[in-house]
Amino acid sequence: MMSLTLKDLGLKSDAVVTGLSCDSRHVEPGHVFAALPGTALDGRDFIPQAINNGAIAILSTRDADTHGVPLLASDEPRLDYARLAKRLYPNQPATVIAVTGTNGKSSTVEFLRQIWQSAGHAAACFGTLGVRSPSGLLSMSHTTPDALALHKTLNDLHAQGVTHAAMEASSHGLDQRRMDEVALSAAGFTNLTQDHYDYHETPEAYFDAKARLFTDLLPGRSPVVIMVDDQAGRDLFATCETAGFYGRSIGWAGRDIRIAEIMPRAASQTVTLVIDGERAVVELPLAAEFQALNAVTALGLALSTGVPKDVALKAMEKLYGVAGRLEMAGRKANGAPVFIDFAHTEDGLSKLLRSVRPHVEGKLRIVFGCGGDRDPDKRAKMGAVAARHADDVIVTDDNPRSEVPDMIRAAVMQGCPDATEIGDRRAAIAEGIARLDAGDCLVVAGKGHEQGQIVGDTVIPFNDVTVVQELLA
Ligand SMILES: CC(=O)N[C@H]1[C@@H](OP(=O)(O)OP(=O)(O)OC[C@H]2O[C@@H](n3ccc(=O)[nH]c3=O)[C@H](O)[C@@H]2O)O[C@H](CO)[C@@H](O)[C@@H]1O[C@H](C)C(=O)N[C@@H](C)C(=O)N[C@H](CCC(=O)O)C(=O)O
Ligand SMILES: Nc1ncnc2c1ncn2[C@@H]1O[C@H](COP(=O)(O)OP(=O)(O)OP(=O)(O)O)[C@@H](O)[C@H]1O
Ligand SMILES: N[C@H](CCC[C@H](N)C(=O)O)C(=O)O
Ligand SMILES: [Mg+2]
């Protein structure tokens, strides 16, 4: 951490700043406490507690009552919190890119990390699964960490010698200005479908939060890579071209990287691309069209950050997927496979089931649920998509958090009234496996890599892959 005094921050004191926190419970002697108005609570109410814990200055709105402790007055406390985090942890890898979109961010940043690595760069990626760098995997609490954790992470990666980092930009993170002070070299967009309407309230506000990455955070004339197969992507691409970014339009409808054909194989696919007018055929060692889309987004970002085309294409033929994304957990004695996936939106579930369907001779079965304290409007829609694309649906629990699980399941069941309802997730998976005949396939969706079931404030250890393997043993 850089050493700073309050004088460096414009206050009349030589006191040394020992750290920064936006949570009074984490304040230690010598910290600056950022008292931020939040979505549920107001950080300004915790100023006395922060002072008790040793805060020597408060960063907050001009009207905050700081009980005599020096105030760093701000019109935009979240932005100034990010700025102070950056001052304390000023270094970052030379190339940092961000990927946003409803689905596919985690897979895209991981694929890009692998391509960079094949090109000889010291590369890292971070997001929902944690931070993956040459020194291993570290877990993280958010998809886009809060500004302090973010700048600490970037500073650590720089100290490790990482030169290239790819990060996930969530709509919450963008809206809460968590990444406003990151110096970005490029940005990518995967797709936009329904999620998080509980937080953003309207589809337009959700789009605007995602678009901030391009319109507010990315320096002018930077490269952008945008999947233009949906309307949001086309709108964003037009905005970026008008703003003078160096845009690559990609996807089935892409101009710069066009997907000409995808031929699914048993556990891989042959992807024919037209890159700047030239054909290229890639044997992608991953199943599911959505993974091909994510790999193509990673390809666009690799080219935009200087990886030669032949090196990037060769690297695509060795890509391996993120844990919990169409991961084969095992097979029943009769040969029927069980896959784990992280689909937690209507579009994700639809793409998942449609990708798996051609590989199933018998019945396609699914076990899934919806998270509590998350967009309630997606529940029945996910139920309906499951009923439409699967032959057999079991509705179960997925992180009920503060909600009553029966109510969440009831909302899902409105979309799939013929489904079986089994709240206990292990029992639901066991029933799904029991129903598997030879030629069938079971998909357990929604939790992917997650290691726990969040009930109230408690995290009960639970991992779909482990549970499936225990039940199959
Ligand atoms: C809705 C949301 O995003 N909330 C995040 C936000 O909290 P907030 O500002 O709403 O906090 P609040 O509870 O209203 O409290 C206001 C302030 O008082 C402070 N406080 C509170 C209590 C106390 O005793 N003392 C204290 O100082 C809090 O630290 C906060 O600064 O800022 C906090 C600090 O950075 C985050 O931890 C918190 O994430 C919550 C836990 C969360 O669940 N977030 C999820 C929805 C999220 O961010 N998800 C995205 C996307 C997921 C995806 O689709 O991939 C992500 O990037 O992970
Ligand atoms: N390009 C895509 N289009 C639609 N669905 C996708 C796509 N990529 C992945 N999915 C589906 O969404 C699930 C989550 O994928 P991934 O974890 O990469 O998304 P994410 O954007 O990182 O999600 P989160 O918002 O939770 O961080 C996958 O398991 C799959 O079912
Ligand atoms: N990052 C997403 C993942 C949701 C996964 C699902 N298991 C749930 O809890 O809803 C979110 O926090 O909305
Ligand atoms: Mg993610």
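Tutor: UniProt positions are given here in the numbering used for this structure, feature names are shortened, and annotations may be inferred rather than shown by experiment. Under "modified residue: N6-carboxylysine", an unreviewed UniProt entry lists Lys-210. This is a predicted model, in which local features need pLDDT of at least 70 and side-chain atom pairs count only at pLDDT 80 or more, while totals for chains, interfaces and linings use all residues. Residues are numbered from 1 along each chain as its sequence is written, and chains are lettered from A and ligands numbered from 1 in the order in which they are written.

Student: In which helix does Lys-210 lie, and does Lys-210 count as buried or exposed?

Tutor: Helices (H or I, at least four residues) and strands (E, at least two) are DSSP runs, numbered from the N terminus. A residue is buried if 20 or more other C-beta atoms lie within 10 Å of its own, exposed if 12 or fewer, and partly exposed in between, with C-beta atoms placed from the backbone. Lys-210 lies in helix α7, residues 203-217. Lys-210 counts as buried because it has 23 C-beta neighbours inside 10 Å.

Student: Which residues does the UniProt annotation "binding site" cover?

Tutor: The annotation, from an unreviewed entry, covers Ser-24, Thr-143, Thr-144, Ser-170, Gln-176 and Arg-178. These positions are spread over 155 residues of sequence and also in space, with up to 24.7 Å between C-alpha atoms. Thr-143 is partly exposed because 19 other C-beta atoms lie within 10 Å.

Student: Which residues surround ligand 3?

Tutor: A residue is near a molecule or strand if its C-beta atom, placed from the backbone, lies within 6 Å of it. Around ligand 3 are Thr-128, Thr-143, His-344, Gly-371, Arg-374, Asp-398, Asn-399, Gly-446, Lys-447 and Glu-450. For classes, Ala, Val, Leu, Ile, Met, Phe, Trp, Tyr, Cys and Pro count as nonpolar, Asp, Glu, Lys and Arg as charged, and the others, Gly among them, as polar. The shell around ligand 3 has no nonpolar, 6 polar and 4 charged residues.

Student: How many residues surround ligand 2, and which element gives the largest share of the shell?

Tutor: Ligand 2 is surrounded by 22 residues, the closest being Gly-104, Lys-105, Ser-106, Ala-343 and Gly-348. Two or more residues of this shell come from each of α3 (105-118), α9 (289-304) and α11 (346-356). The largest share, 4 residues, belongs to α11. By class, the shell around ligand 2 has 5 nonpolar, 11 polar and 6 charged residues.

Student: Why does ligand 2 lie between domain 2 and domain 3?

Tutor: Domain bounds come from an automatic or database domain assignment. Ligand 2 lies between domain 2 (95-316) and domain 3 (327-472) because both give residues to its shell.

Student: How many residues has α9, and what distance does α9 reach?

Tutor: The expected span of a helix is 1.5 Å times one less than its number of residues. With 16 residues, α9 reaches 23 Å from its first C-alpha to its last, close to the 22 Å expected. Because 15 of its 16 residues are buried, α9 is largely enclosed by the rest of the structure.

Student: Which residues call for attention by their phi, and where do they lie?

Tutor: Most residues other than glycine have a negative phi. Ala-288 has a positive phi of about 85 degrees although it is not a glycine. Ala-288 is placed in the loop between β17 (278-284) and α9, and is buried, with 24 other C-beta atoms within 10 Å. His-67 also has a positive phi, near 50 degrees. His-67 lies in the loop between β5 (57-60) and β6 (71-73), and counts as exposed, with 10 C-beta neighbours inside 10 Å.

Student: Which strands pair with β8?

Tutor: Two strands pair if DSSP finds at least two bridges between them. Strand β8 runs parallel to β11 (residues 164-168), to which 4 bridges join it; there Cys-125 stands opposite Ala-166. With β9 (residues 130-133), β8 pairs in the antiparallel sense over 3 bridges, and Phe-126 has Val-131 as its bridge partner. A hairpin through 2 residues joins β8 to β9.

Student: Are the residues of β8 buried or exposed?

Tutor: In β8 (residues 123-127), 5 of the 5 residues are buried. Ala-123, Cys-125 and Gly-127 lie on one side, and Ala-124 and Phe-126 on the other.
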